[in-house]
Every structure is written in structure tokens, then in C-alpha cells.
Amino acid sequence: MEKKYKTLKDFFPFYLEEHSHPFNRALHFIGSSLALGCILGFISTGKFYILAFALVSGYFFAWIGHFFVERNRPATFTYPIYSFVSDWIMYFKMLTGRIDVEFAKIKSNKG
């Protein structure tokens, strides 16, 4: 039976474990960066169809990482809100070079 997460704090370590392969994280980073670029494109042009590209690029790269690299089911299917927020937390941690610190926390908590 799958664990039910009640808080983002409890969910985030699980989320990171589902993204343990660096290439999967890189694909997520690319997709999220493209999504941000699309959002900026929408803001600068006002063309709503660009927002569709934001969704497609974000999820396309992430799902490639899950299905072909990690070979796991994207957490967004079960926890869409926690996964969305966790993806941006992971993005920020990668952007600031702090992602390894998060994986070290998970490792130390497992004993």
C-alpha cells in the first residue's frame, strides 16, 4: 500500500528519491526552465497559446525522465499539488547548488 503524505515536508524526501538519477533531474530542470521561458513569453506578448507550451515543455521532459530514466511513475499522478510545488523547490535547489545537501539529509535520516 502506498504511503499517504499529509504535508509537503513529509512528501519532499519521497519526491527527491523519485528523482535520484541526475539525468532525470537535468530533464526536469530543462523542462522547468523552458516553462519559465514560455511564461515570460506570454507576459511579454499576451498570447495565451504560449502558456500551453509552458505546460507541455514542463511535463514532457519530466515524464521522459520518469518513464525512460528512473523507470517509475511520476508522483504528479498521485500528488499533483505536492509534486508541482516540490518540482520548483528541487529546481531552486539545483539552481543554487544545494540539491546534494537535500540528498545528504535523506541519507542521514535513513540511518
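Helix 4 (residues 80-95) has 16 residues and should span 22 Å at 1.5 Å a residue, which agrees with the 22 Å between its end C-alpha atoms. The expected span is 1.5 Å times one less than the number of residues. Helices are DSSP runs of H or I, at least four residues long, numbered from the N terminus. The model is predicted: local features need pLDDT of at least 70, side-chain atom pairs count only at pLDDT 80 or more, and totals for chains, interfaces and linings use all residues. Residues are numbered from 1 along each chain as its sequence is written, and side-chain values use heavy atoms, with hydrogens and water left out.

Ser83, Ser86, Asp87, Met90, Tyr91 and Lys93 are the buried residues of helix 4 (under 20% relative accessible area, 1.4 Å probe, protein chains only; exposed means over 50%). They lie on the same side of helix 4, because they cover an arc of only 165° around the axis. Their cover includes helix 1 (8-17), helix 2 (22-45) and helix 5 (99-110). The face turned away from this buried side carries the exposed residues Ile81, Phe92 and Leu95. Just after helix 4, Gly97 adopts a positive phi of about 75°.

A nonpolar patch on the surface is formed by Leu55, Val56, Tyr59, Phe60, Trp63, Phe67, Phe68, Phe77, Ile81, Phe84 and Val85. Together these residues have about 1,100 Å² of accessible area. Helix 3 (49-70) and helix 4 each supply at least two patch residues. Helix 3 gives the largest share, 7 residues. Phe68 belongs to helix 3, and counts as exposed because its relative accessibility is 56%.

Conventions
Arc of directions from axis to C-beta. Contact = heavy atoms within 4.5 Å. Patch = residues over 30% accessible without salt bridge, like charges linked within 9 Å, V, L, I, M, F, W, Y side chains within 5 Å. Areas by Shrake-Rupley, 256 points an atom, 1.4 Å probe, with all protein chains shown as cover. Salt bridge = Lys/Arg side-chain N within 4 Å of Asp/Glu carboxyl O.
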